[in-house]
Amino acid sequence: MGQNTPHFKLEELPPLREKVETLEILRQTAKSTAALAELKGTAKTIPNQAMLINAIVLQEAKDSSEIENIITTQDEIYKALTVNKSKITPETKEVVNYRKAIFHGFDLVKKQGFLRVNNIVNIQQELVDKKAGIRSTPGTVLKNDKTGEVVYTPPQDKAEILDLLTNFIDHFNQIENDLSPLINLAILHYQFESIHPFYDGNGRTGRILNILYLIIHELIDVPILYLSSYIIENKPEYYHLINRTNRKGEWEEWILFMLKAVESTSKDTITKITNIKNQLDKTIVKVQTDSPKVYRKELVELLFEQPYSKIEFVVDKLNVERKAASRYLRELESIGIVESQKVGREILYINRELIEILKR
Ligand SMILES: Nc1ncnc2c1ncn2[C@@H]1O[C@H](COP(=O)(O)OP(=O)(O)O)[C@@H](O)[C@H]1O
Ligand SMILES: [Mg+2]
């Protein structure tokens, strides 16, 4: 190993209790746990869960990819999802895959109630579209983006990686006696990133595992809490603290970072859900008042499930003829609820006000 490569051996879980349960950590855990519990309650007040999940998962797919410098726009992603054969950039493709990978993971945890190492491999595969699997060729190192300096060398030997993953998944599925699940979440995310089992996609897979973990342990019912927006705002610290933990085995600051991320993103998501709910109510009233003949509850909900809608969606959802569906959408456009845009042969009807809420 070169002079710059820190000599470091990744330990199996769990770390010493006194290292991960300092007074400050316990205090912050109480705040983060309360914020997340409130989010869980708020989410339940939305009658149509698909509305919530679709929009929030898509935003997360975009944010988490952005951490890895995969940049695209909401507009492009929605078009890719709505229009067959729309021209799609490689970045957009990766974000669309990310979204699929989250839903795939969500289905797995709903069905099984736990995860297997193999499930993690499948999730990563969905994400990167390649069948490389767990690293078996040495050479993967983590470098500082700017200086090129090697900051961390993850385990190189496939057998060691597999042992560490087995140890990881045990602690993922089952929490040690009385340890707060949120403290465990922070420990697990560090551990997964440090095992770095894949050639690529470790950051994104690790962030999908975070939400699946929260669902398995019933801290949230549906996949709507994501830390990526917080990580983007604090990216240097995110990297710095993982690194510090690698080098010094000191957990406190890293765990506090993750706990604060949970508190902050829970609060932001509560605000977002409240805004979505208010916008939905406002839209219902407006359609009932301005176009009472067109009003159907399902029609308005569709515009929130699919902020980029099209005739076919209305046909499927309301079981009506194309002609009627088209008339409904044009009527909604005339009262300012949606805005139409032609993309190829398709006309999309965009719920702009919702898009603005989601962006915030
Ligand atoms: N010193 C470090 N030790 C362990 N993991 C790190 C370190 N620095 C960064 N990481 C993690 O590695 C991720 C990037 O790995 P990568 O395989 O390229 O994932 P992706 O393709 O999703 O970007 C970062 O998002 C971060 O979670
Ligand atoms: Mg990468």
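**Entry 1: a loop residue**

I began with Asp178, which is found in the loop between α7 (158–173) and α8. Helices here are DSSP runs of H or I with at least four residues, strands are runs of E with at least two, and both are numbered from the N terminus. Asp178 is not a glycine, yet its phi is positive, about 55 degrees.

The model is predicted, with local features needing pLDDT of at least 70 and side-chain atom pairs counting only at pLDDT 80 or more, while totals for chains, interfaces and linings use all residues. Residues are numbered from 1 along each chain as its sequence is written, and chains are lettered from A and ligands numbered from 1 in the order in which they are written.

**Entry 2: a cis peptide**

I then looked up the bond between Leu13 and Pro14. It is a cis peptide bond, with omega about 0 degrees. Pro14 sits in the segment before α1 (17–20).

**Entry 3: α8 against α12**

I returned to α8 for its packing. α8 and helix α12 (residues 252–290) pack at about 115 degrees, with axes 9 Å apart. Axes are lines fitted to C-alpha atoms, for helices over the stretch in contact, and angles run from 0 to 180 degrees between N-to-C directions.

From α8 I noted Leu182, Ile183, Leu185, Ala186, His189 and Tyr190; from α12, Trp254, Ile255, Met258, Leu259 and Val262. Two residues are in contact if their C-beta atoms, placed from the backbone, lie within 7 Å. The contact has 10 nonpolar residues, 1 polar and no charged. Nonpolar covers Ala, Val, Leu, Ile, Met, Phe, Trp, Tyr, Cys and Pro; charged covers Asp, Glu, Lys and Arg; the others, Gly among them, are polar.

**Entry 4: α5 and its partners**

Helix α5 (residues 90–112) packs with helix α6 (residues 117–128) at about 160 degrees, axes 8 Å apart. α5 is therefore roughly antiparallel to α6 (over 145 degrees; under 35 is roughly parallel, 65 to 115 roughly perpendicular, the rest oblique). This crossing is right-handed. α5 gives Asn97, Tyr98, Lys100, Ala101, His104, Gly105 and Leu108, and α6 gives Asn119, Ile123, Glu126 and Leu127. I count the classes as 5 nonpolar, 4 polar and 2 charged.

α5 also packs with α3, at about 125 degrees and with axes 9 Å apart. That angle makes α3 oblique to α5. The crossing of α3 and α5 is right-handed. Val57, Leu58, Ala61, Lys62, Ser64 and Ser65 of α3 meet Glu94, Val95, Tyr98, Arg99 and Ile102 of α5.

**Entry 5: the domains**

I checked the division into domain 1 (17–266) and domain 2 (291–359); such bounds come from an automatic or database domain assignment. Their C-alpha centres lie 34 Å apart. In the contact, 13 residues of domain 1 meet 13 of domain 2. On the domain 1 side, α3 (49–67) and α4 (74–82) each give two or more residues. α3 has the largest share, 5 residues. That side holds 5 nonpolar, 6 polar and 2 charged residues.

**Entry 6: ligand 1**

Which residues come nearest to ligand 1? Of the 18 around it, they are Glu68, Glu193, Asn202, Gly203 and Arg204. A residue is near if its C-beta atom, placed from the backbone, lies within 6 Å. β2 (150–152), α8 (181–195), α9 (202–216) and α11 (235–248) each supply at least two residues of this shell. I find 6 nonpolar, 8 polar and 4 charged residues in the shell.

Technical notes
Left-handed = near helix turned anticlockwise from the far one by under 90°.
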